[in-house]
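Hi,

Here is the structure I promised to pass on to you. Have a look, and then read on for what turned up in it.

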Amino acid sequence: MTSTARKAPRTLARCAQAAIAVAAVTDALRAAAVRDHYLHPTDASLHKSGFISMIFLYLMTLAIVLFLVWLARSRRNAQELSPQTSVPSRGWRVGAWFIPVLNFFVPRRSVLDIGRASSASWQEKRDTTLVNLWWVAWIAHAMVLTVAGRVAPGSMAFLVVEEALMIAAAVLVGLVIERITALQSAALGATVPVAPLAQA
């Protein structure tokens, strides 16, 4: 095999997982504070909900950035490990998350392509199901959040469902990150360095 200077982004993966977990917990606190202000509006509840919402926004932005950076590193590794396999381009990989309609389908496909290209050990049934479960939880959370805001802003039932989906999506994406990082770590660790040429 050819030599490689790449390494699986383990530290980056851990940072992304931690940021996503903290953002998910903060979102639950934010949703509870916003509901409390909606039902019992006071200056104190307004300040509290606004402050927690601001903290959540910062944490979620950090989580998104770390996840996308991890995805970029994983894409480069996957391309090196499987040069013959088609993986999404850098611009498409990022841009697809922000284009309406496409962001319901393309990001999932990008993660699947990176996972498959990362190692022959990718298990089509188990690993694809893991990615699909994460994506369903994430899309369902976004849809429930939108519907709740329009139909029943103060509904405890909606709040419980949307936050349960948010936490489920956070746990599942953490497992997706772990799986792809582990596959790349094993594949890169198995790469045999090229011996230097002997001096004449």
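Asp27 and Arg30 are both buried. Keep in mind that this is a predicted model. The side chains of Asp27 and Arg30 meet in a salt bridge, with N to O at 2.8 Å. Both residues belong to helix 1 (residues 10-39), where they sit 3 residues apart, about one turn of the helix.

Arg109 is partly exposed, at a relative accessible area of 36%. Another salt bridge joins the side chains of Glu124 and Arg116 (2.6 Å, N to O). Through shared partners, salt bridges link Arg109, Asp113, Arg116 and Glu124 into one network.

Next, the helix packing. Helix 4 and helix 5 (residues 124-151) pack at an angle of about 155 degrees, their axes 10 Å apart. That angle is over 145 degrees, and the two helices are therefore roughly antiparallel. Their crossing is right-handed. Among the residues making the contact are Val111 and Leu112 of helix 4, and Trp134 and Trp135 of helix 5. By type, the contact residues divide into 6 nonpolar, 2 polar and 3 charged.

Finally, Ile114 also lies in helix 4 (residues 106-118). Ile114 is buried, with a relative accessible area of 0%. Its C-alpha atom is 8.8 Å from that of Asn77, 37 residues away along the chain.

Best wishes

Methods. Residues are numbered from 1 along each chain as its sequence is written. This is a predicted model: local features need pLDDT of at least 70, side-chain atom pairs count only at pLDDT 80 or more; totals for chains, interfaces and linings use all residues. Side-chain values use heavy atoms; hydrogens and water are left out. Helices (H or I, at least four residues) and strands (E, at least two) are DSSP runs, numbered from the N terminus. Buried means under 20% relative accessible area, exposed over 50%, partly exposed in between (1.4 Å probe, protein chains only). Axes are lines fitted to C-alpha atoms, for helices over the stretch in contact, and angles run from 0 to 180 degrees between N-to-C directions. Angles under 35 degrees count as roughly parallel, over 145 as roughly antiparallel, 65 to 115 as roughly perpendicular and the rest as oblique. A crossing is left-handed if the near helix is turned anticlockwise from the far one by less than a right angle, and right-handed if clockwise. Contact means heavy atoms within 4.5 Å. Ala, Val, Leu, Ile, Met, Phe, Trp, Tyr, Cys and Pro count as nonpolar, Asp, Glu, Lys and Arg as charged, and the others, Gly among them, as polar. A salt bridge is a side-chain nitrogen of Lys or Arg within 4 Å of a carboxyl oxygen of Asp or Glu.
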